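Biologist: Could you take one residue of this chain and walk me slowly through its surroundings? I am new to reading structures, so please go step by step.

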Amino acid sequence: MRLRTTRRISQGFFFLLFVFLVVIADLRWLGGYPASLFLELDPLVGVATAISAHEVFRGVLWGLLILALTLALGRVFCNWVCPLGTLHQAGGWALGRRRSAREKLDANRYRPIFQLKYIILAALIAMAALGSLQIGLLDPIALFHRTMAAAIVPLVNLAGGGVTTTQHYAVGGWVIGAILLGLVAANLIVPRFFCRALCPLGALMGVLARFSLWRIDRDPHSCNGCNRCLTHCEGASDPHDRLRKSECFVCFNCIEDCPHGSLSFKWLPPRQREITNPDLPGRRALLAGVAGVALFGFARVSGSTRKGWDKSVIRPPGALAEEAFLARCLKCDQCLRVCPTNTLQPAAFQAGVEGIWTPVLNMRMGPCEYNCTLCGQVCPTGAIQPITIAEKLGLGEHAERGPVRLGTAFFDRGRCLPWAMDTPCVVCQEVCPVSPKAIFTRATTLIGRDGSEITLDQPYIDPARCIGCGICEYECPVKDQAAVRVTAIGETRSPDRRLLLG
């Protein structure tokens with residue numbers, strides 16, 4: 001039981017470390033780096049972003065450590081480090097029903113559906129090669145970060161009455177949370193279903209595990225075929241027969257369960273006693289790549305990233321132009337976690353299929369804090385560039401370039417109180433943070449409904465000064481649909497979306 005206990009201690013340590021770093025990201029005690037640690041250790045993040053962005057980011061070079069470990073020992077990350085893998089194992093144990101010995105053996109045999117993760121990996125890498133980073137949809141670290149940010153931590157805060165921070169909400173967070181619950185529930189049918197059948201990171205490590213130097217080996221002379229090694233096999237790697245190297249999680253359960261000592265961890269055991277390569281014909285891998293190319297094409301021809309972009313897709317300060325942004329954004333939603341005003345929300349389909357779960361600003365949830373650049377500090381891949389407050393506000397040496405503009409605010413005069421309802425209101429002007437203010441008023445004398453004269457200060461936007469922070473929209477007293485609303489037009493990051501003046 002010694003190896004099994006050691007593994008459980010390792011799993012518990014890394015799981016608690018992950019949760020702790022998520023809390024650090026929320027409370028912002030130590031800045032952005034600690035919160036990104038697991039993403040930077042994720043080799044699939046490094047590989048896919050290098051392919052899509054044609055640039056290797058310094059932080060993700062830490063993934064080389066995991067690649068080296070995989071080349072030496074196999075898929076140890078999956079069962080000793082990965083926090084989502086630990087959650088699936090614990091969830092499967094907690095939700096699992098009592099199975100007979102025969103049912104346990106059958107549940108842990110290899111199944112053809114486990115090829116699916118390699119097909120997913122090939123399709124996602126093909127999309128990355130064309131400039132669309134979609135690995136975050138199923139990468140276990142990005143998926144877990146996203147679920148924590150959009151579903152779990154808000155739920156914990158709600159249950160605890162805002163113990164760690166003020167209550168934040170995530171539009172569509174219930175969908176993100178339900179997906180994780182569904183993946184955990186799938187363990188009732190197939191143990192560690194996500195890890196065995198869907199995980200693209202596991203697939204990448206499975207491809208690399210074929211070169212591992214230390215591997216589990218079965219001595220056919222002492223083995224009597226009792227199959228007890230299958231009872232607790234985490235990866236469905238068939239240790240009772242020819243070990244499937246690409247599926248083995250190196251959990252060592254089979255070694256401890258073998259009553260005859262026929263299994264051991266050896267340096268370069270004979271290859272004839274193992275299946276070296278992943279169980280995926282080259283033809284299927286090619287078709288998966290073609291499917292990824294087709295998916296990319298279908299998404300781009302919709303026009304949502306170029307001509308047909310949605311005016312409500314307002315990106316955080318420091319975000320790259322849309323196509324470059326989609327080539328780098330992992331959809332990990334760490335930026336949502338550190339946003340102090342809750343304005344950052346996971347996109348649905350307003351940013352197109354490629355932009356699902358990428359961060360957008362929802363000014364009705366909150367404005368973009370005038371003196372905040374936290375989102376760029378925690379972004380692990382540079383989709384949101386780290387900028388200083390001076391850069392954001394256009395101060396000092398950045399004065400000539402001017403402030404970062406997220407968009408431009410416009411009045412809906414049919415809903416504005418001074419314009420449509422003869423009611424005095426200057427809230428938007430009062431809260432405008434820029435100096436000189438981007439919202440000004442003109443005194444206008446009108447004839448009221450009772451025939452008397454009324455003098456009202458009617459507001460106007462100066463587009464040359466508006467930075468699109470959204471505080472006017474957030475504070476507008478017309479609550480169902482604000483009378484002043486920000487759109488993405490005029491944003492700094494894209495010259496194609498400039499607002500032409502004069």
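Modeller: What follows is a close look at one asparagine and then, for contrast, at a few other residues. Please keep in mind that the model is predicted. The asparagine is Asn253, which is found in helix 13, a helix that covers residues 253-257. Is Asn253 buried or exposed? Its relative accessible area is 2%, and because buried means under 20%, Asn253 counts as buried. Leaving aside residues up to four places away in sequence, Asn253 touches Arg4, Arg7, His232 and Glu234. Glu473, by comparison, is 220 residues from Asn253 in sequence, and the two C-alpha atoms are 58 Å apart in space.

Lys307 gives another view, as this lysine lies in the loop between helix 14 (282-300) and helix 15 (322-326). Lys307 has a relative accessible area of 83%, and because exposed means over 50%, this lysine counts as exposed. Although Lys307 and Asp496 are 189 residues apart along the chain, their C-alpha atoms are separated by 9.4 Å.

Finally, the cysteines: the number of disulfides comes to 0. Cys199 is in no disulfide, because a pair of sulfur atoms must be within 2.5 Å and the nearest cysteine sulfur, that of Cys78, is 6.1 Å away. Cys199 is buried, with a relative accessible area of 7%. Cys432 is likewise in no disulfide, the nearest cysteine sulfur being that of Cys469, at 6.3 Å, and Cys432 counts as buried at 10% relative accessibility.

Terms used
Residues are numbered from 1 along each chain as its sequence is written. This is a predicted model: local features need pLDDT of at least 70, side-chain atom pairs count only at pLDDT 80 or more; totals for chains, interfaces and linings use all residues. Side-chain values use heavy atoms; hydrogens and water are left out. Helices (H or I, at least four residues) and strands (E, at least two) are DSSP runs, numbered from the N terminus. Buried means under 20% relative accessible area, exposed over 50%, partly exposed in between (1.4 Å probe, protein chains only). Contact means heavy atoms within 4.5 Å.
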